[in-house]
Every structure is written in C-alpha cells, then in structure tokens.
Amino acid sequence: MVVIPVVDLAAEGRGQLLLDACRQPGCFRVVNHGIPAALQAEMKAAVRSLFELPDDVKLRNDHVIAGSGYVGPTIVNPLYEAFGLYDAASPADVDAFCSCLDAPPHLRETIRLYASHLHPLVANIASKIAESLGLVGCSFSDWPCQFRMNRYNFAPETVGSSGVQIHTDSGFLTVLQEDESVGGLEVMDANGTFAAVDPLPGSLLVNLGDVAKAWSNGMLHNVKHRVLCKEAATRISIALFLLAPKDGKVEAPAELVGSKIPRLYRSFYYEDYRKLRFSSGLRAGEALSLLAA
Ligand SMILES: O=C(O)CCC(=O)C(=O)O
Ligand SMILES: [Fe+2]
C-alpha cells in the first residue's frame with residue numbers, strides 16, 4: 001500500500017517530510033494551498049462544458065509544443081480526451097486558448113482566474129522542493145506551464161479497462177485537481193505495485209516528473225501512474241504541469257553533483273526530450289536513460 005504524504009503548505013519546517021515524499025513515492029498531497037474550493041468547482045464546471053463542444057471546435061485547440069493541444073481518443077487510450085494550454089503562465093496564451101474555443105466570458109474569466117492562482121502555487125511548491133535539497137534562492141516562476149484538462153468517458157462496459165496508460169509526467173512537477181467523486185488514479189510504489197489514490201477533500205495531488213529526476217541528478221523520483229475505469233461515470237481531472245527552464249537546458253545544479261554522485265544525465269532541452277518521448281514511445285520515464293551521461 002502507498003501512503004501519500006500530506007504536506008501543509010502553511011506550516012514551517014516541512015522540508016524533510018517534503019524531501020522524503022519526493023524520493024518515494026514521488027508524489028504527495030498539499031493542503032492549505034490557497035486555491036479556493038469554489039474556484040476549483042467553477043473550473044471543473046468550465047472544463048465539463050468545454051468538453052461538450054463539437055469535435056471540429058475541440059480540434060482548434062492546436063499543439064504549440066508536441067502534444068500540448070487537444071488530444072482525442074486513441075487506440076491506446078480510447079476512453080480519454082484532453083484539452084491542453086501552453087503556456088498557462090502567460091495571460092495572452094490563456095486568452096488565445098479561450099478564443100480558439102469561443103469560450104463565453106464567464107468561462108474565460110474562470111480559466112483566467114484558475115491559471116492565475118495555480119501558476120504561483122506550482123512555482124512555490126518547486127521552490128520548497130529545491131530548498132529541501134539545500135538549494136536557496138531557486139526561482140521557478142518563469143518556467144513554462146502546461147494545463148491539461150482531462151475527461152474520461154467511462155461507461156458500464158468499460159469498467160476494469162484502462163483510462164490512461166502507465167506513464168510518468170515529462171516535466172518537473174504536476175499539480176492535479178482530481179475528480180472529487182470518481183476515482184481511478186493509481187501510483188506505482190517502490191516495489192512496482194500499483195496502488196489506488198483516493199481523492200482527499202481540500203487537497204491537491206503533486207506528482208514529480210522526468211525533469212525533476214534529471215534536474216535533481218536522480219534524487220527525486222518520477223512517479224509512474226495510470227488511470228483505470230472503476231465505475232461508469234464521466235471523470236474530469238485538471239493538471240497543471242510545471243515543465244522546465246524557459247530558455248535554458250535541463251541540468252542538475254553543481255550542488256547536486258559530486259564525486260560520490262556523478263552526473264547522471266547530459267543536459268538537454270525539454271522540448272527535445274518531449275519529442276524523444278513521443279518518437280520512442282517511451283512514456284514512463286525510460287527515455288531518460290537515452291540521455292545518460
Ligand atoms: O486524471 C488523473 O487523475 C491523472 C491525469 C494524469 O496523469 C495526467 O494528466 O498526466
Ligand atoms: Fe500524469
């Protein structure tokens with residue numbers, strides 16, 4: 001069984017708890033995160049209504065970087081579809097996303113407000129992680145972010161089948177607003193066993209991704225996860241991915257590299273890594289080994 005640690009963002013001195021969680025299982029919950037429950041509910045309703053749009057409109061949500069736009073059901077993930085917004089840290093990009101879908105003003109305002117709350121939160125969590133590694137003064141606020149709004153079209157005949165394939169997230173970290181009533185997310189523990197992650201009201205789930213592993217020189221764990229169809233109900237989740245440095249390469253800071261822990265990975269541009277994951281089909285962190293130093 002995986003115990004998902006809970007980190008209180010309003011409490012001081014949680015560095016060790018945070019670091020332990022980032023090492024294993026590579027995910028944790030945050031409470032006192034400052035995102036109003038009402039805004040989360042409004043955002044969920046907004047996402048639900050975007051998914052009611054006709055397919056030709058959904059497809060206007062184009063890819064800015066590989067796979068960052070609308071993804072419809074595929075052979076591998078037939079029950080899954082997602083909107084994507086790159087870069088969620090840019091108000092102009094948030095507006096462009098809303099405009100391409102002709103989102104009415106109230107939806108536009110909700111998405112804007114949600115992005116403006118979530119972006120500082122992901123950057124703040126990343127800074128706390130850096131501090132827990134002994135790095136002071138790291139700022140993540142100019143790192144690009146991607147929204148992904150997921151809908152799982154679960155039906156009675158799909159119970160027991162896959163909602164989304166086993167994967168790691170490719171970026172540094174992900175803050176996930178789970179569906180508060182429809183479960184299905186599972187994370188892999190240190191023994192390679194999947195365990196169900198049930199939503200905890202008032203909390204958000206944070207997953208570490210491949211960039212966190214590379215950037216920390218292997219100290220942080222990129223958690224493998226998947227979604228299963230557990231019940232015949234539409235499931236909505238909203239992820240905000242903090243990806244990687246804006247212009248520079250992903251590279252472990254000198255403080256995390258030493259004679260005892262040699263550099264594990266060559267430095268790389270995140271977008272190249274993202275393309276490598278797509279072209280190799282290695283979606284569960286294995287593509288990092290192609291960048292071994
Ligand atoms: O829907 C979920 O609970 C997980 C979504 C996810 O893993 C993702 O968007 O990368
Ligand atoms: Fe994921």
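Trainee: Which residues are around ligand 1?

Mentor: A residue counts as near a molecule if one of its heavy atoms lies within 4 Å of it. In this case the residues around ligand 1 are R148, N150, Y152, H167, D169, L176, L185, H225, V227, R235, S237 and F241. This is a predicted model in which local features need pLDDT of at least 70 and side-chain atom pairs count only at pLDDT 80 or more, while totals for chains, interfaces and linings use all residues. Residues are numbered from 1 along each chain as its sequence is written, and side-chain values use heavy atoms, with hydrogens and water left out.

Trainee: How does that shell divide by class, and which elements supply at least two of its residues?

Mentor: With Ala, Val, Leu, Ile, Met, Phe, Trp, Tyr, Cys and Pro counted as nonpolar, Asp, Glu, Lys and Arg as charged, and the others, Gly among them, as polar, the shell holds five nonpolar, four polar and three charged residues. At least two residues each come from β4 (145-152), β10 (225-228) and β11 (235-242), where strands are DSSP runs (E, at least two residues) and helices likewise (H or I, at least four), numbered from the N terminus.

Trainee: Which side chains have a polar atom by an oxygen atom of ligand 1?

Mentor: A polar contact is a pair of N or O atoms within 3.5 Å. A polar side-chain atom of Y152 lies 2.6 Å from a ligand 1 oxygen, a polar side-chain atom of S237 also lies 2.6 Å from an oxygen atom of ligand 1, and for an N or O atom in the side chain of H167 the distance to a ligand oxygen is 3.1 Å. Of the 300 Å² of accessible area that ligand 1 has on its own (Shrake-Rupley method, 1.4 Å probe), the protein covers 99%.

Conventions. Chains are lettered from A and ligands numbered from 1 in the order in which they are written. A polar contact is a pair of N or O atoms within 3.5 Å; within protein, one must be able to donate a hydrogen and the other to accept it, and residues adjacent in sequence count only if both atoms are side-chain atoms.
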